[in-house]
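Here are a few notes for a first look. Please keep the structure open while reading.

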Amino acid sequence: MIDIEVEDLAWTAALPEAEALARQAAEAVLAHENRAGEGVTILLADDDAVAELNQQFRGKAGSTNVLSFPAAENPEQHLGDIALASGVCLREAEAQGKSLAHHLQHLVAHGVFHLLGYDHMTDAEAEVMEGLERVILSGLGAPDPYEAG
């Protein structure tokens with residue numbers, strides 16, 4: 001089950017279909033990984049809320065685009081939570097010449113892959129994770145987020 005909470009209305013002001021796009025991306029990752037019965041909570045928040053989470057749980061000052069919080073093993077098969085910062089995501093999409101819709105879907109997919117244990121700390125890990133993200137986004141009709149230009 002995908003649970004989405006819109007905490008910052010800037011998300012739906014900028015992208016009325018934000019909830020549906022986030023759900024679609026999360027479901028695509030879970031289906032691809034044969035984990036469709038498992039749950040994720042997605043928080044569409046503002047920069048201040050994500051900055052607070054970043055400080056509290058990672059000891060890092062400031063906001064970031066997406067944070068993932070894996071859950072401990074549980075009988076509900078809840079994988080964990082993802083939080084996205086509206087201002088950071090809007091600025092990134094604009095700076096990178098991407099639509100907010102495609103950027104949101106990329107970051108949700110990225111966050112869900114983290115919940116599933118994927119990482120990008122090494123070049124080899126990044127290659128695997130980015131390849132999976134490309135497959136998901138292609139299936140959603142979104143362009144390659146790593147393609148230059």
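Which residue forms a salt bridge with D47? Point 1 takes this up.

1. This is a predicted model. In it, D47 pairs with R91 in a salt bridge, with the closest N and O atoms 2.9 Å apart. D47 sits in helix α3 (residues 47-58) and R91 in helix α4 (residues 86-95), so the bridge ties together parts 44 residues apart in sequence. D47 counts as buried, because its relative accessibility is 18%, and the cut-off for buried is under 20%.

2. The structure has three salt bridges. Another of them joins E38 to R35, where the closest N and O atoms are 2.5 Å apart. E38 is buried, at 13% relative accessible area. R35 is partly exposed, at 29%.

3. R134 and D144 also form a salt bridge, their closest N and O atoms being 2.8 Å apart. R134 belongs to helix α6, while D144 lies in the segment after α6, so this pair ties together parts 10 residues apart in sequence. R134 is partly exposed, with a relative accessible area of 31%. D144 is partly exposed too, at 28%.

4. Look next at how helix α5 (residues 100-115) packs on helix α6 (residues 123-139). The angle is about 130° and the axes are 10 Å apart. That makes α5 oblique to α6. Their crossing is right-handed.

5. Which residues make this contact? From α5 come Q105, H106, A109, H110, F113 and H114; from α6 come M129, L132, E133, I136 and L137. By class, six are nonpolar, four polar and one charged.

Note on methods
Residues are numbered from 1 along each chain as its sequence is written. This is a predicted model: local features need pLDDT of at least 70, side-chain atom pairs count only at pLDDT 80 or more; totals for chains, interfaces and linings use all residues. Side-chain values use heavy atoms; hydrogens and water are left out. Axes are lines fitted to C-alpha atoms, for helices over the stretch in contact, and angles run from 0 to 180 degrees between N-to-C directions. Helices (H or I, at least four residues) and strands (E, at least two) are DSSP runs, numbered from the N terminus. Angles under 35 degrees count as roughly parallel, over 145 as roughly antiparallel, 65 to 115 as roughly perpendicular and the rest as oblique. A crossing is left-handed if the near helix is turned anticlockwise from the far one by less than a right angle, and right-handed if clockwise. Contact means heavy atoms within 4.5 Å. Ala, Val, Leu, Ile, Met, Phe, Trp, Tyr, Cys and Pro count as nonpolar, Asp, Glu, Lys and Arg as charged, and the others, Gly among them, as polar. A salt bridge is a side-chain nitrogen of Lys or Arg within 4 Å of a carboxyl oxygen of Asp or Glu. Buried means under 20% relative accessible area, exposed over 50%, partly exposed in between (1.4 Å probe, protein chains only).
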